Amino acid sequence: MESKETRKPSEMNVEDLPDVRAFQDEFTRNFLQSTEETRSGYYPFLSGTGKYKMDFPAGGIIGEKSYARKEKDYEEYSVHIQSDIVGEAMITIFYFSYDTTDELESNLDSFSTRIGKNINFKKIDGENQSFYYGNFERNEFHTYTSYIQNEKDDGALEVVYQIDCRQEEKAKCNKNKEKNEKHVIDWMKSIRFINESKEVNG
């Protein structure tokens, strides 16, 4: 008999799944690859394009109505998070398969324009990819942004992580500002492209 560990969460009975928001939401668990944590509070996520993977927060839910994908070329969605660490937050992700390193400056400018903020991006080198990171505060939200460029194949991600610091959350946000930033950057670094260029047919 096949054990539940060898089946994808979408194929399992709800009562056999971890009792966290990500698995209790039917649409979200279609993207989750295992009930085994990648690290505490996170589970393995695979993009609908098959082009990247990442750690997905246990308290996160993907908004089905906001999800859009065009085959393996484009994807966009929002993740609504309830977390003991950062409180209420939202991640917005866009994937573009045709973004290249040659167009980096133009793409960073376009990203800033979409956000409506002139961001002084700081480059963080990663394995086969580069992160261009920035943060700012607006309308009582602490916002962390990252443009992640695939250095091995074409393709890039625009990531915006917003923490709700309004009203009663304001003091907590200000107190935990450095801790929250580290938490977000550590999560962003979990994003990994799945490269196919080294595969040779025949």
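Helices (H or I, at least four residues) and strands (E, at least two) are runs assigned by DSSP and numbered from the N terminus. The model described here is a predicted one, in which local features need pLDDT of at least 70 and side-chain atom pairs count only at pLDDT 80 or more, while totals for chains, interfaces and linings use all residues. Residues are numbered from 1 along each chain as its sequence is written, and side-chain values use heavy atoms, with hydrogens and water left out.

We can begin with N128, which is found in the loop between β7 and β8. Phi of N128 is near 65 degrees, a positive value in a residue other than glycine. To say how far a residue is covered, we call it buried under 20% relative accessible area, exposed over 50%, and partly exposed in between, using a 1.4 Å probe and protein chains only. On this scale N128 is partly exposed, with a relative accessible area of 37%.

Strand β7 (residues 122-126) runs antiparallel to β8 and is joined to it by five bridges, with G126 standing opposite Q129 in β8. The hairpin of β8 and β9 has two residues between the strands, and within it N139 takes a positive phi near 55 degrees. Strand β8 itself (residues 129-138) is mostly covered, as seven of its ten residues are buried.

The twelve residues of α3 (residues 104-115) should span 16 Å at 1.5 Å a residue, where the expected span is 1.5 Å times one less than the number of residues; the end C-alpha atoms of α3 are 17 Å apart, which agrees. Its buried residues are L104, N107, L108, F111, S112 and I115. Seen down the axis of α3, these residues fall within an arc of 140 degrees, so they line one face of the helix, the arc being that of the directions from the helix axis to the C-beta atoms. What covers the buried residues of α3 includes β8, β9 and β10 (156-164), where contact means heavy atoms within 4.5 Å. The face turned away from the buried side of α3 carries the exposed residues E105, D109 and T113.

Methods:
Two strands pair if DSSP finds at least two bridges between them.
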